[in-house]
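Dear colleague,

Please find below the sequence and structure that I am handing over to you. My findings follow directly after them.

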Amino acid sequence: MQEFELIAKTFQGLENVLATELIDLGANNIKIGRRMVSFTGDLELMYRANFQLRTAIRVLKPLKHFQARTADEVYEAVKKIDWSEYLTVEQTFAVDSVVFSNEFRHSKFVAYKVKDAIVDQFRERTGNRPNIRIINPDIKLNIHIAEYDCTLSLDSSGESLHRRGYRQEQVEAPLNEVLAAGIILMTGWKGECDFIDPMCGSGTLPIEAALIARGISPGVFRREYAFEKWAGFDQELFDRIYDDDSKEKPFDHHIYGYDINRNAVDIATRNVKAAGLGKDITIEQRDFKDFVQPGQKSIMVMNPPYGERISSPDLLGLYKMIGERLKHQFQENDAWVLSYREECFDQIGLKPSLRVPLFNGSLECELRKYQTYSGKFSDMRAQGIDIKTAQERRMMAEKKRFKQNREFRKGLDEDDEMGAGRSGRFGQKFGRGDRKDNFRGERHGFRDEDGRSGDRRNFHDEDGHHSDHRNSFRDGDSYRGDRRAGRRDYDRRGDRAMEKARAKASSKFRKNNNNRFENDEE
């Protein structure tokens, strides 16, 4: 098959993990960029990238690279493309725009110019035009502008790839599935021992861990991809990819998810059941302060509250308790903690062996690895025991991995002055004040697919809920059902009414938030 250029988008901090996935997938000419990895591959690789990549938000197929200094130049360049090769007047389309430029201040205007160029070409040639459809269009386009460099691409994914399809419900501020998978892959765990998440929320980390341990492709739950509506879609090829379970494997250990909140436990239990992974995952209500040493080798990965969207009555006390439990009840094991505030990490009281900067939405977080031992650290070093792996040494040697002058202490002090016991937030939001200096991007649309915190809630669910037809192809605890009987023939009767409601909600949302949208991927 002929190879062509492709771009996989991801979170900042996961680019190397995504590149490794692409190497394993057989991609060529891999180049790592900011929040993206470009590569080349054929049609099968594009299908597999969407279906099998765990750390990609979406996969784009560039149509044209060009330079433009004005909106009119964008219009003319787009109009030169023969759009009859990609679109018919009977189909609908939508345009997403991502802009980092002093010349193009408004990304939505750029999207309008792309739309106008396509519509005008069809009108001039046929007298008719394709319609715009914001929700679930037949063809989705992406225009990216960095100063004067423009890239117009077909979006082969459609709905963001973090929306796996297994999530039935969610707690407040759930961890994005792509970020969860990236964190697990970064730990190097592939199912060699038990996996523990003591603050599991809606169960994202345990579920993603089970998929990794068993070698199950994350796309097995999805209803559809945008490329299925493209001209020349190879149904037989994609069916073969979907039905290929050659990389699936048995999992001889177990995954445990705990949470102090009864509602979170119930939600996580339902999500695990929907994913068909009940045999591999146990979800229980437990307080981490009661955690005791596991009977066998384990790894722990946790995402405790940051004090941003969700908090704790005693946030610093919570982190102090985390450190105490790790030190005394998780000896001879590795624990990974994702958090945001330096003061919180300080309360853990343990020296991390690895610190990795990661963005959780707009929050510049850190993933820290803690190796706990029954003896003293100095004694371990004296015995010549290698604490860090070669990869971890390379990561720690990277310069400029962390942003300077973060205002953790200032925010905590201000919150103390304003009064303790505040629910949900610490008052001031950090990590946002300098974003205008870094880029001017904003999203043309209303969904926030990489989970930015703030006013855009429910980013996992553009409907406001997860409808049953997403999971109708699964039978009980079996994650892989009859694709033709279920996934391809899901009930469409409620689609039209649902889309109208979603369009109405998105219109109201955009009106209320006006120009507050930030860039979603770039």
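Is Q296 buried, partly exposed or exposed? Please note that the model is predicted. In it, Q296 has a relative accessibility of 45%. Because this value falls between the 20% below which a residue counts as buried and the 50% above which it counts as exposed, Q296 is classed as partly exposed.

Q296 is located in the loop that lies between strand 11 and strand 12. Leaving aside residues up to four places away in sequence, Q296 touches D194 and H253. With D194, the side chain of Q296 forms a side-chain to side-chain polar contact at 3.1 Å. These two residues are 102 residues apart along the chain, yet their C-alpha atoms are separated by 7.7 Å.

The strands on either side of this loop belong to an open sheet of seven strands with mixed pairing, in the order 11-10-9-12-13-15-14. Strand 11 (281-285) and strand 14 (354-360) are the edge strands; each has a single partner strand, so one side of each has no neighbour in the sheet. On average, neighbouring strands of the sheet are turned by 20° against each other, direction ignored.

Within the sheet, strand 12 (residues 298-302) and strand 13 (residues 334-339) run parallel and are joined by four bridges. M302 has V337 in strand 13 as its bridge partner.

Finally, helix 8 (residues 262-274) lies across strand 10 (255-259) and strand 11, and runs at about 165° to strand 11.

With kind regards

Terms used. Residues are numbered from 1 along each chain as its sequence is written. This is a predicted model: local features need pLDDT of at least 70, side-chain atom pairs count only at pLDDT 80 or more; totals for chains, interfaces and linings use all residues. Side-chain values use heavy atoms; hydrogens and water are left out. Two strands pair if DSSP finds at least two bridges between them. Helices (H or I, at least four residues) and strands (E, at least two) are DSSP runs, numbered from the N terminus. Axes are lines fitted to C-alpha atoms, for helices over the stretch in contact, and angles run from 0 to 180 degrees between N-to-C directions. Contact means heavy atoms within 4.5 Å. Buried means under 20% relative accessible area, exposed over 50%, partly exposed in between (1.4 Å probe, protein chains only). A polar contact is a pair of N or O atoms within 3.5 Å; within protein, one must be able to donate a hydrogen and the other to accept it, and residues adjacent in sequence count only if both atoms are side-chain atoms.
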